[in-house]
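This report walks through a structure of paired helices, strands and loops. Keep the coordinates open while reading.

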Amino acid sequence: MVLDTGTTAWLLASTALVMLMTPGVGFFYGGLVRRKNFISMVALSFIAFALVSIQWVIVGYSLAFGQDIGGFIGNLEFVGLSGVGMDAGDAAYPPILFMVFQLVFAAITMAIVTSGLAERVKLSSFILFALLWTTLVYDPLAHWAWGGGWAASIGSLDFAGGTVVHISSGFAALAVALIIGKRSGFGQYSMEPHNIPMTLLGAALLWFGWFGFNAGSALAADGLAANAFVVTNISASAGALAWLAASWVRGKPSSLGMVSGAVAGLVGITPAAGYVGPMAAIAIGAVAGLICYAAMLFRLKKGLDESLDAWAVHGMGGLWGALATGIFASAAINGYSGLLEGNVDQFIANAIGAISAMVYAFVVTLVLAFIIDRTLGLRVSEEEEYVGLDISQHGERV
Amino acid sequence: MKLIKAIIRPERFDFVKKALEDKAIYGMTIMEVMGRGDQKGIALQYRGGSMMVDLIPKIQIEIVVKEKDAEMVIQIVKEAAKTGKIGDGRIFVLPVERSIRVRTGEEDL
């Protein structure tokens with residue numbers, strides 16, 4: 001096969017779509033924090049994007065997609081993008097396009113982790129943490145699933161990053177929140193979201209960008225991409241309605257709950273988008289909405305300040321999505337059968353892939369955050385936290 | 001009648017409201033304000049020097065009460081708004097000439 005212009009055009013567009021999700025995470029999170037930390041929250045996502053962009057072209061892409069070393073990590077053949085060129089050879093798209101398509105996934109993953117650091121992280125320490133985290137956690141996990149690592153070789157399926165992006169960022173956010181500690185005053189007085197429409201706008205950018213995330217992951221402009229596009233939208237809708245209904249039963253049908261449910265549905269379908277059909281997507285999305293809602297209630301009941309629920313939505317939603325892929329995968333879509341078609345092995349392979357990523361991301365993040373906290377300090381001073389990170393870290397006000 | 005005007009920490013407002021409610025003081029007007037006191041705000045220390053944040057967000061509560069309740073309300077606000085650290089705010093007490101209910105036209109509280 002020589003370069004296919006349709007596929008190349010679609011991957012270029014998908015990359016730009018996924019890029020928009022990273023500021024989308026920033027605006028989603030920014031609306032949820034107090035006004036004094038609004039700029040900080042949006043800025044963290046942009047900074048994550050810029051840092052990972054540079055890390056990825058220098059070393060990250062090579063660690064994730066270089067020649068396999070022991071199933072764990074790639075070698076350094078693509079350091080500085082050496083040999084990652086414009087010539088597609090016998091592929092449908094050029095290597096340099098695949099590189100940047102993967103870059104935007106690495107960047108959004110870092111942005112999601114900022115949930116656990118909200119309203120209290122020291123910017124300089126975050127920069128170091130982000131560079132180390134994306135190198136030590138994201139790059140190996142991307143290699144395991146997509147770069148020829150062990151997870152792919154045992155047959156664990158992850159179409160667009162349910163494990164690599166969502167389980168890893170969700171459980172990392174939980175780990176880092178445990179190390180940095182609760183926000184001052186958490187649990188004593190209310191810390192209400194300061195701008196809900198901003199969060200709704202962020203969710204809109206995420207939902208929009210997710211079409212590139214999932215349908216782009218077909219790595220072709222074909223029927224499978226279209227199927228991924230459709231099931232993505234179905235699952236987001238089912239998740240939105242499920243969370244909306246659950247919050248209605250307990251009180252008012254909250255708009256924040258609805259968009260959280262939509263993101264839960266999007267996370268849930270991410271690993272499954274290339275393997276399941278439309279009706280399975282309804283089930284995956286609706287269950288994702290309910291599981292993530294329950295996880296959030298559990299988190300609040302335990303008094304954990306994983307502030308913006310990356311763990312509940314991305315971590316637990318990603319875990320469900322990985323298992324759901326093993327349950328609902330249909331041979332009619334992409335040749336893989338799940339539990340419902342009698343293939344127990346697929347379910348087991350996916351469970352192993354998901355649980356390994358969960359444990360790896362949680363433990364490595366815990367150690368990394370602990371070391372940075374004990375040396376540089378992850379957290380701002382009490383006064384800086386009180387006046388807010390906008391002023392203390394950026395010298396700016398909304 | 002007295003107007004009690006208290007400028008307090010935003011994060012203490014829930015406690016003040018609850019404490020007033022416990023003593024059956026319900027009516028109040030709330031404003032989000034910015035201000036500073038004798039310390040001219042908060043100085044943040046950095047390796048390269050210091051940075052002054054001179055205006056800090058506060059909540060201003062206005063409560064009009066009968067003469068005899070004024071001291072009680074002052075005590076409640078004083079206790080519930082206090083953290084003991086610089087920046088707890090101030091309470092001002094002003095005389096009120098008249099109070100008229102718009103719906104019925106009745107005077108006084």
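Axes here are lines fitted to C-alpha atoms, for helices over the stretch in contact, and angles run from 0 to 180 degrees between N-to-C directions. Helices (H or I, at least four residues) and strands (E, at least two) are DSSP runs, numbered from the N terminus.

This is a predicted model, in which local features need pLDDT of at least 70, side-chain atom pairs count only at pLDDT 80 or more, and totals for chains, interfaces and linings use all residues. Residues are numbered from 1 along each chain as its sequence is written, while chains are lettered from A and ligands numbered from 1 in the order in which they are written.

**Confidence**

The model scores ipTM 0.77 and pTM 0.92. pLDDT is the predictor's confidence in each residue, from 0 to 100. Chain B has a mean pLDDT of 90. In chain B, 95% of residues reach 70 or more.

**The helix pair of chain B**

Two packed helices are described by the angle between their axes and the distance between the axes. In chain B, helix α1 (residues 13-22) packs on helix α2 (residues 70-80). The angle is about 145 degrees, and the axes lie 9 Å apart. The crossing of α1(B) past α2(B) is right-handed. A crossing is left-handed if the near helix is turned anticlockwise from the far one by less than a right angle, and right-handed if clockwise.

Which residues make the contact? From α1(B) come Phe15(B), Val16(B), Ala19(B) and Leu20(B). From α2(B) come Val73(B), Ile76(B), Val77(B) and Ala80(B). Two residues are in contact if their C-beta atoms, placed from the backbone, lie within 7 Å. The contact of α1(B) with α2(B) holds 8 nonpolar residues, no polar and no charged. For these classes, Ala, Val, Leu, Ile, Met, Phe, Trp, Tyr, Cys and Pro count as nonpolar, Asp, Glu, Lys and Arg as charged, and the others, Gly among them, as polar.

**The sheet of chain B**

Strands of a sheet pair through backbone hydrogen bonds, either parallel or antiparallel. Two strands pair if DSSP finds at least two bridges between them. Chain B has an open sheet of 4 strands, in the order β2-β5-β1-β6, with antiparallel pairing. β2 (29-35) and β6 (89-95) of chain B stand at the edges. Each has a single partner strand, so one side of each is left without a neighbour in the sheet. Neighbouring strands of this sheet are turned by 20 degrees against each other on average, direction ignored.

| Strand pair | Sense | Bridges |
|---|---|---|
| β2(B) and β5(B) | antiparallel | 7 bridges |
| β1(B) and β5(B) | antiparallel | 7 bridges |
| β1(B) and β6(B) | antiparallel | 7 bridges |

Strand β1 of chain B covers residues 2-8, and β5 covers residues 56-65. Val64(B) is the bridge partner of Leu3(B). Lys58(B) is the bridge partner of Val33(B). Val65(B) stands opposite Lys2(B). In β6(B), Ile91(B) is the bridge partner of Ala6(B).

**Two residues with positive phi**

Most residues other than glycine have a negative phi, and most peptide bonds are trans. Ala24(B) is not a glycine, yet has a positive phi of about 65 degrees. Ala24(B) sits in the loop between α1 and β2 of chain B. Asp309(A), also not a glycine, has a positive phi near 65 degrees. Asp309(A) sits in the loop between α10 (278-301) and α11 (310-328) of chain A.

Asp309(A) is buried, with 25 other C-beta atoms within 10 Å. Ala24(B) counts as exposed, because it has 7 C-beta neighbours inside 10 Å.

**Two sites in chain A**

Gly289(A) lies in helix α10 of chain A. Gly289(A) is buried, with 34 other C-beta atoms within 10 Å. Not counting residues up to four places away in sequence, Gly289(A) touches several residues, including Ala238(A), Trp243(A) and Gly265(A).

Leu219(A) lies in the loop between α7 (196-215) and α8 (223-250) of chain A. Leu219(A) is partly exposed, with 19 other C-beta atoms within 10 Å. Leu219(A) and Ala92(A) are 127 residues apart in sequence, but their C-alpha atoms are 8.7 Å apart in space.

Definitions and conventions: Buried ≥ 20, exposed ≤ 12 C-beta atoms within 10 Å, placed from the backbone.
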